[in-house]
Amino acid sequence: MAVVDFSGKITLGEGSATLRKLVRELVENGRRKILLNLADVDYIDSSGIGELVGAYTTVRSASGELKLVHLTKRVRDIIQITRLFTVFDVQPDEASAVRSFQ
Amino acid sequence: MAPANQRLEVTLETQLESVDRAENIVMHVAEAAGFGEDDVHKLGMSVREAVINAYNYGNAQDPQKKIHLVVEFEPERMIVHIVDEGHGFELSDVPDPLAEENLLRTSGRGIFLMRAFMDELAVRRGPGGGADLVMTKKLPHRVGDNGQR
């Protein structure tokens, strides 16, 4: 399992391109179980949400799994109101994530 | 509390930096108007999304075009306009990002977030024919003002 610790903002022009690049590189290097730790992400906008979805579909189309852990309240709220809780597998902690990856 | 009928107008370039700039301006104004941290964040983010919309779609990233930010106060509410110089659009034409078939789209959530975070959202035709995105949020009542302003 690859754990990616992301921090700061995931917004247009800031963290979103970095996230896309990181996840794509992991997939290209053969990683198929990716856990995004968003504990230090205090802000995400619609572009950032789009990048999370893009990362998710990139991993899925390589037959992998992308999961999220440690969401801050703001990120959790946005994922909730955009109904993406039905898409993303949000894990309570790393240990649970390890167990949940097949 | 911001006095009634106060108005602020800023002309922004069609560039990525305008997104942060507009967000910061509105957050400062909202803070000065007495909004709490959560509402200041919601107002800032709604303006951010509106300016991204104007930058990407309205003005199609054309540096010759401008984005106009207007903040107005009425006795009970703060009104923010983001006006672009594009061709305008109808809210009813914006796909629902919560629909099953749109959940995995990587864009198209901006308008939805503005609606979720503001009390009212409308799209009018701006003076130059572009979109005038009008967002409204009720002003907070201060403790001890008994609803009087």
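**Entry 1: a bridge in chain A.** I looked up the bridge partner of A:K33 in strand 3 of chain A and found A:E65. Strands here are DSSP runs of E of at least two residues, and helices are runs of H or I of at least four, numbered from the N terminus. I note that this is a predicted model, in which local features need pLDDT of at least 70 and side-chain atom pairs count only at pLDDT 80 or more, while totals for chains, interfaces and linings use all residues. Residues are numbered from 1 along each chain as its sequence is written, and chains are lettered from A and ligands numbered from 1 in the order in which they are written.

**Entry 2: the sheet.** I then followed the pairing of strand 2 (residues 33–44) with strand 3 (residues 65–69) of chain A, which is parallel and runs over five bridges. Two strands count as paired if DSSP finds at least two bridges between them. I traced an open sheet of four strands in chain A, with the order 1-2-3-4 and parallel pairing. Strand 1 (2–10) and strand 4 (89–91) of chain A are the edge strands, each pairing on one side only. On average, neighbouring strands of this sheet are turned by 35 degrees against each other, direction ignored.

**Entry 3: a helix on the sheet.** I found helix 2 (residues 46–61) of chain A lying across strand 1, strand 2 and strand 3 of chain A, at about 140 degrees to strand 3. Axes are lines fitted to C-alpha atoms, for helices over the stretch in contact, with angles from 0 to 180 degrees between N-to-C directions. Contact between two residues requires C-beta atoms, placed from the backbone, within 7 Å.

**Entry 4: chain B.** I recorded three helices and five strands in chain B, in the sequence pattern β-α-α-β-β-α-β-β. The radius of gyration of chain B is 16 Å, close to the 15 Å given by the globule rule for 149 residues, so chain B is as compact as a globular protein of that length. That radius is taken over C-alpha atoms, and the rule is 2.2 Å times the number of residues to the power 0.38. The C-alpha trace of chain B spans about 45 × 40 × 25 Å along its principal axes.

**Entry 5: the contact between chains.** I found 16 residues from chain B and 15 residues from chain A in the contact. Helix 2 (37–58) and helix 3 (110–117) of chain B each supply at least two residues of the side of chain B that touches chain A. Helix 2 of chain B gives the most to that side, with four residues.
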